[in-house]
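Let's take a walk through the charged pairs in this one. Have the model open and follow along.

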Amino acid sequence: SMVQYDFNVGSFAQFGDPWMIPRMDHRTQRTDYRNMSHLAIRQHLDAENFTEDFVLVDAYTEQSHAIWWVTATEESEFMTDLVTGLGVPPVTYPGENFTLWQSHILTQDFAYEYEGISSGGGSMDEIIPRFDFNVSYDPHDPQDPPYTNGQNYSSKEEALYLTIAPYIHATFAEVIYTNDPNITGGNISSNAPPWCVSLTPEAAHLSGLLSAAQLSGDAALMEWSAFGIWGTWPPYHSRPPRPGDVIALTLYHDWDNPRWPPPGVAGPFPGPTGPPLPPRIKSSQQCAPRKIRRPRPAPLSIAATA
């Protein structure tokens, strides 16, 4: 479906290691949620002891490419108290004794924004379209157009640094190394590591990762941290790597590598559910540069016509 496609694009599922893995609940297919208001669904779930935030897929999601991110009741109460304390209480409606806080957000943006906020990197008010602390929040606002951060998740030039950079272990035969001060940073800092390492072209191709060996000239001499093509050989090693060493690296995905399908298509998961990674190169998760991000289940997705 287009909903799944958009979610795959925004979570970089093509690399087989997405930010979030969708989780569906038995409650999502209940027909009695259809034609219920978002507030009624929230209260219905609370009564069933499901108090977490959730994603609501409504009848317009396919066309709008946007979902509703509905907060937990506790978070809604916090936001209401916050704006009320600032002298701008939310709009209230007859028969509603509770203000529901929610965001209409492009599906492709959801994984990135959810991980940032849930890890302490922001709050819901940042992703509510047109939200202003000087204007009363309206829980019935259709929030059109939906919120977007403007990121193009299908563009390797724009999104390279947003993906989860794999942390790998390589053998001596799988790496190249250098003590060139233009790469180690020794030309600008006395605390720079003495050596930097990267994968050989063969190891990079097999693992689908970028390697300094793929670049040449000035591009290969850029500071190692800029492109994620070099890793540091630990500063306490005054010697270069040698046979028998296990070298740890955090490198970025090579978007052009045939190992990876195009954006929107879920890639192979390493291990029993998909093709194994090359021998001696093991996958785990690291933090993306902008915010702390670790793969985790998505909130409850609810199929409903609101």
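What follows is a tour of the salt bridges, pair by pair.

A quick note first: this is a predicted model, where local features need pLDDT of at least 70, side-chain atom pairs count only at pLDDT 80 or more, and totals for chains, interfaces and linings use all residues. Residues are numbered from 1 along each chain as its sequence is written, and side-chain values use heavy atoms, with hydrogens and water left out.

Searching the whole structure turns up three salt bridges, meaning a side-chain nitrogen of Lys or Arg within 4 Å of a carboxyl oxygen of Asp or Glu. Start with Arg42 and Asp46, whose closest N and O atoms sit 3.2 Å apart. Both belong to helix α2 (residues 38-47), four residues apart, or about one turn of the helix; helices here are DSSP runs (H or I, at least four residues) and strands likewise (E, at least two), numbered from the N terminus. Arg42 is buried at 0% relative accessible area, while Asp46 is partly exposed at 23% (buried is under 20%, exposed over 50%, partly exposed in between, with a 1.4 Å probe and protein chains only).

Next, look at Arg130 and Asp141, which meet at 2.9 Å, N to O. Each lies in the loop between α5 and α6, so the pair ties together parts that are 11 residues apart in sequence. Arg130 is exposed, at 52%.

Finally, Asp256 pairs with Lys156 at 2.3 Å. This one links distant parts of the chain, 100 residues apart: Asp256 in the loop between β9 (246-250) and β10 (296-303), Lys156 in helix α6. Asp256 is exposed at 56%, and Lys156 is partly exposed at 29%.
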